[in-house]
Structure formats: structure tokens, C-alpha cells
Amino acid sequence: MTLAAMLEGKKITTIEGLEKNGMLHPLQLAFIEHDGFQCGFCTSGQIISGVAMIEEAKAGWPSAATADLERHFTLADLSRAEIRERMSGNLCRCACYPNIVDAVVEAVARS
């Protein structure tokens, strides 16, 4: 969590900002298909975290679960273990975590 005042002048994407030309983001669609919903507060956070995590993976950023740090990380390396590690900071008591991982796997496959 970050105070909004600390991000003055920065671009902030909200859950509503993921929609483009009347179409939901692929991860939003995957959450629907895989029943990845949590409470109204946490679902948006999980989706935004998932989108950011996918972008980090596309950029080649490794995680604590990355086995080979010598090799450039690609989306093809984004295993379920990688997804769980990268999403581990976003906690909720609603606990749809397996469905969230399924949704992220689906969204990555669509990209």
C-alpha cells in the first residue's frame, strides 16, 4: 500500500482503467471464467497485482521462485509456483487463491 500523495505526478491505473474500448482486460475476463472473485475490496487488488506481475514477467524480472537467475526470464517461465510467489504479497481471507492462479495462467496464455 502506498499513500496517494507519494505518487504525485505518477500514472496510477485502477481496476476501472483496465477496460479499453468497452472490453475488459484479459485478466478480468479470466477471473470471471475461473471464478477468481474475492470480496469487492480484494478482487480489484488481486487483478491489478496480477496485471503488474504479468508485466514484470514480460520485462524479464526474476522472482524468489526463479530457478535459474543466469538465464533471461520470459513469460514461458511463468509457472504456477512463480505466479504464487509473485502474488504472495496480496493477502485476503476470502481465499480463492487456486482460482486466481488459474485465471493468471489463462490470461498469460491469451497474451
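The model is predicted, so local features need pLDDT of at least 70 and side-chain atom pairs count only at pLDDT 80 or more, while totals for chains, interfaces and linings use all residues. Residues are numbered from 1 along each chain as its sequence is written, and side-chain values use heavy atoms, with hydrogens and water left out. Helices are DSSP runs (H or I, at least four residues), numbered from the N terminus.

**α1 against α4**
- The axes of α1 (residues 26-33) and α4 (residues 97-110) come within 8 Å and cross at roughly 135°. Axes are lines fitted to C-alpha atoms over the stretch in contact, with angles from 0 to 180 degrees between N-to-C directions.
- α1 is therefore oblique to α4. Angles under 35 degrees count as roughly parallel, over 145 as roughly antiparallel, 65 to 115 as roughly perpendicular and the rest as oblique.
- The crossing of α1 and α4 is right-handed: the near helix is turned clockwise from the far one by less than a right angle.
- Pro26, Leu27, Leu29, Ala30, Phe31 and Glu33 of α1 meet Ile100, Ala103, Val104, Glu106, Ala107 and Arg110 of α4. Contact means heavy atoms within 4.5 Å.
- By class, this contact of α1 with α4 has 9 nonpolar, no polar and 3 charged residues. Ala, Val, Leu, Ile, Met, Phe, Trp, Tyr, Cys and Pro count as nonpolar, Asp, Glu, Lys and Arg as charged, and the others, Gly among them, as polar.

**The buried face of α1**
- Leu27, Gln28, Ala30 and Phe31 are buried in α1. Buried means under 20% relative accessible area, exposed over 50%, partly exposed in between (1.4 Å probe, protein chains only).
- Down the axis of α1, the buried residues fall within an arc of 160°, so they line one face of the helix. The arc is that of the directions from the helix axis to the C-beta atoms.
- Cover for these buried residues includes α2 (40-58) and α4.
- Asp35 follows α1 and has a positive phi, near 50°.

**α2 against α4**
- α2 and α4 pack at about 40°, with axes 11 Å apart. They are therefore oblique to each other.
- α2 passes α4 in a right-handed crossing.
- Gln46, Met53 and Ile54 of α2 make the contact with Tyr97, Ile100, Val104, Ala107 and Val108 of α4.
- The residues of this contact divide into 7 nonpolar, 1 polar and no charged.

**Ser49**
- Ser49 lies in α2. Its relative accessible area is 25%, so Ser49 is partly exposed.
- Ser49 touches Met87 and Asn90, not counting residues up to four places away in sequence.
- Ser49 and Asp35 are 14 residues apart in sequence and 17 Å apart in space, C-alpha to C-alpha.

Note on methods:
Helices (H or I, at least four residues) and strands (E, at least two) are DSSP runs, numbered from the N terminus.
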